[in-house]
Amino acid sequence: MALNFLTSKIENTRKKMYQSIKQNGINSKETISLSQELDLLILTFQKKYKVHNDVFMKIIDENSPNLNNI
């Protein structure tokens with residue numbers, strides 16, 4: 001997967017997960033499924049680009065929605 005595609009997929013999946021949390025709750029099957037998909041995408045990103053978790057989290061935090069609004 002190309003970097004832009006992968007980061008876009010991560011962001012879109014995360015947004016879907018946040019929306020699912022709002023609509024269905026944190027323990028819903030849909031939310032858990034999206035969370036697991038997001039985990040795999042992040043792992044793929046980290047392996048492919050050899051990014052350590054702290055660097056990845058900084059990249060993500062800079063582009064994250066405000067979680068206080070959930």
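Which residue forms a salt bridge with Glu37? Select Glu37 and you will find Lys9 as its partner, with the closest N and O atoms 3.7 Å apart; a salt bridge here is a side-chain nitrogen of Lys or Arg within 4 Å of a carboxyl oxygen of Asp or Glu. Because Glu37 lies in helix α2 and Lys9 in helix α1 (residues 3-24), the pair ties together parts that are 28 residues apart in sequence; helices are DSSP runs of H or I with at least four residues, numbered from the N terminus.

Before going on, note that this is a predicted model, in which local features need pLDDT of at least 70 and side-chain atom pairs count only at pLDDT 80 or more, while totals for chains, interfaces and linings use all residues. Residues are numbered from 1 along each chain as its sequence is written, and side-chain values use heavy atoms, with hydrogens and water left out.

Next, select Arg14 and Glu11, whose side chains meet in a salt bridge of 2.0 Å, N to O. Both residues lie in helix α1, three residues apart, which is about one turn of the helix, and both are buried, meaning under 20% relative accessible area, where exposed is over 50% and partly exposed is in between (1.4 Å probe, protein chains only).

Finally, move to Thr31 in helix α2 (residues 29-49), which counts as buried because its relative accessibility is 3%. Leaving aside neighbours within four places in sequence, Thr31 is in contact (heavy atoms within 4.5 Å) with Met17, Ser20, Ile21, Asn24, Gly25 and Ile26.

Note on methods: Helix = DSSP H or I, 4+ residues; strand = E, 2+ residues; numbered from the N terminus.
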